[in-house]
Every structure is written in structure tokens, then in C-alpha cells.
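Hi everyone, thanks for having me. Could you bring up the model on your screens, please? I'd like to walk you through a few side chains.

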Amino acid sequence: MKKMDGEDYKESTIKTMWNQTAKLLQEKYLNDFDIKINPFSDAAFKTARGARDAKRKALQSIPEKRRASAAALEEKDWDTMTTVWDEETPDGLQKKLFMIISVELAWRGGEGSMASIHHFKAEQRNDGETTGRIEYNPIFSKTTQGGDKKLSDSKWLV
């Protein structure tokens, strides 16, 4: 679908236009002709959905139309984040450690706030000496011992 100037609409705009058109048609047919339309079984709607999906795929293949959802931290930003807290105070040490761990373990959303001391385990050699690596896995928690598969992969801190 193209704008008046010949440029393609964004994917989200096409989706919104499709949804609005489908709802308006359903409402018109119900009010004017007392005909109920099921958009998931009606052939005309199925064809239109196919056309919409094809257009969305075409738009997704254009790199200029993609949005960047995240950007990597620059080194000066990382330095600022890790040096702003005073390690000599318990609160500062805790916040600094949290910042470093959250970046190293790629915590998202509330994962960091849900982390517990029980989720961390020091790796040991066969002779009992520690290797210097710390394993993080929320499955270590007693409440998730059932084996939540999405949490079963460990992450490591050095």
C-alpha cells in the first residue's frame, strides 16, 4: 500500500488500517443487512489477510523500515555507570554490583529485581577449590525445582 507521494506505509500503519477496515465492514453489514461476518472463515477476508501479510513481509525485508529496539552502551557510559557508586558504602557496593551483574547477565525487565542469593553458586574444581566463576541460574531456587525449561540454561560471571 502506498501513500499519495508513492512512499510505502509503515507495517504498523497497514496493520491498523486493516483492523479498522475489517471492524467497520463487520459493523456495516450487521447494522444495514443483519449479516454477521466471521473474518476468520470468510473467503474475502482470508484473501485480504493474505494480501496484508504479504505486504508486511515485504516491508520487513526493507532495512530502512526496521526499527532498532536497543543500542549497545558506549564505553564512557559503562564507565560512568560503574564509577558513580561509592564501593566503600554498603549501599554503593550493592548498586555497583547490581549494575555490573545486570549487564553481564543481560537481565531484562524485572529479572534483576527477582534475583536472589540462592540463584548464584560458586563453581568448584574436583579438589574443592573455587575456579573464580559464579554460576547464575534462577532454577537453583527452591520454588522452581520442577525444571522450568526457559530458565534451565546457566549464565556465568567471572
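Let's begin with Ser102, whose side chain reaches the backbone oxygen of Met99 at 2.9 Å. That is a polar contact: a pair of N or O atoms within 3.5 Å where, within protein, one must be able to donate a hydrogen and the other to accept it, and residues adjacent in sequence count only if both atoms are side-chain atoms.

A quick word on the background: this is a predicted model, where local features need pLDDT of at least 70, side-chain atom pairs count only at pLDDT 80 or more, and totals for chains, interfaces and linings use all residues. Residues are numbered from 1 along each chain as its sequence is written, and side-chain values use heavy atoms, with hydrogens and water left out.

Ser102 belongs to helix H4, residues 90-104; helices are DSSP runs (H or I, at least four residues), numbered from the N terminus. Is Ser102 buried or exposed? Its relative accessibility is 15%, so it counts as buried (under 20% relative accessible area; exposed is over 50%, partly exposed in between, with a 1.4 Å probe and protein chains only).

Now, how many salt bridges does a search of the whole structure find? Five, each a side-chain nitrogen of Lys or Arg within 4 Å of a carboxyl oxygen of Asp or Glu. One of them joins Asp91 and Lys95 at 3.3 Å, N to O. Both sit in helix H4, four residues apart, about one turn of the helix.

Another pairs Lys96 with Glu87 at 2.4 Å. Here Lys96 is buried at 15%, while Glu87 is partly exposed at 43%.

Notes. Helices (H or I, at least four residues) and strands (E, at least two) are DSSP runs, numbered from the N terminus.
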